[in-house]
Amino acid sequence: MVKPVRPVLGIELISSATETQDVHQDASPLPSLGPRSRYRFAGPHAKDLSLPFIRRIKGRTYPHYWQPAEAKDEFEACALGRQYAAHLAQLLKLNRQHSGRGLLFRITNDMDFSERGHRRSMCKSFFNYLEILLNLGVQQLDLPKHVEAVQRFHLSLDELNTLQRKPRRKKKG
């Protein structure tokens with residue numbers, strides 16, 4: 001028997017009619033993260049706040065990047081952690097231009113790793129599921145070539161910035 005998990009409030013995950021026809025009555029109670037998830041944004045400003053675990057809190061001028069729902073028990077905490085990781089992955093999948101801009105760093109900065117109990121389990125399952133997704137992604141890459149290409153890209157950006165900052169010398173004559 002699958003234990004039901006409360007859906008995360010404030011996130012819209014809508015499936016197309018053809019996707020919902022294939023759903024059986026004994027399917028998982030977690031919402032689908034299909035290709036119709038609403039994670040497309042015109043600009044970078046609203047994307048973070050659409051994730052179900054990121055909220056604005058009083059007394060802070062920027063969002064708190066780890067404000068998850070309270071879990072009733074260990075099982076629900078783990079399920080929510082995996083679900084949150086899937087939400088993050090879906091957001092980055094649909095907005096590739098936002099990858100590598102520190103979102104995961106901001107999330108981990110706001111996590112309290114000293115907490116014990118359900119919150120700790122939620123964090124652990126969040127990262128465990130991200131590791132699974134990372135493993136799936138690197139299976140498709142030649143990792144040494146990819147990291148070298150990214151390194152060359154960043155070096156060329158540094159060189160471009162240096163060239164743009166140098167004052168131009170006027171030609172005499």
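Mentor: Read along the sequence, the protein chain follows the pattern α-α-α-α-α. The model is predicted: local features need pLDDT of at least 70, side-chain atom pairs count only at pLDDT 80 or more, and totals for chains, interfaces and linings use all residues. Residues are numbered from 1 along each chain as its sequence is written, and side-chain values use heavy atoms, with hydrogens and water left out.

Trainee: What makes a segment a helix or a strand, and how many helices and strands are there?

Mentor: Helices (H or I, at least four residues) and strands (E, at least two) are DSSP runs, numbered from the N terminus. On that basis the protein chain has five helices and zero strands.

Trainee: What does G81 touch?

Mentor: Contact means heavy atoms within 4.5 Å. Not counting residues up to four places away in sequence, G81 touches M122, S125 and F126. M122, S125 and F126 are among the buried residues of α4, and the buried residues of α4 pack against α2 and α3 (103–110). The C-alpha atoms of G81 and K124 are separated by 7.4 Å, although the two residues are 43 apart along the chain.

Trainee: Why is D110 called buried, and where is D110 found?

Mentor: D110 is found in helix α3. Its relative accessibility is 15%, so D110 counts as buried.

Trainee: What makes the pairing of D110 with R60 a polar contact?

Mentor: A polar contact is a pair of N or O atoms within 3.5 Å; within protein, one must be able to donate a hydrogen and the other to accept it, and residues adjacent in sequence count only if both atoms are side-chain atoms. The side chains of D110 and R60 make such a contact at 2.9 Å. The side chain of D110 also reaches the backbone nitrogen of Y65 at 2.7 Å.

Trainee: Why is H64 called buried, and where does H64 lie?

Mentor: H64 lies in the loop between α1 (17–21) and α2 (74–94). With 11% relative accessibility, H64 counts as buried. Its side chain makes a polar contact with the side chain of Q67 (3.2 Å). H64 also touches D110, as well as F53, I54, R55 and I57, not counting residues up to four places away in sequence.

Trainee: Which helix supplies the largest share of the lining of the largest pocket?

Mentor: The largest share, nine residues, comes from α4. α2, α3 and α4 each supply at least two residues of this lining.

Definitions and conventions:
Buried < 20%, exposed > 50% of the residue type's maximum accessible area, 1.4 Å probe, protein only.
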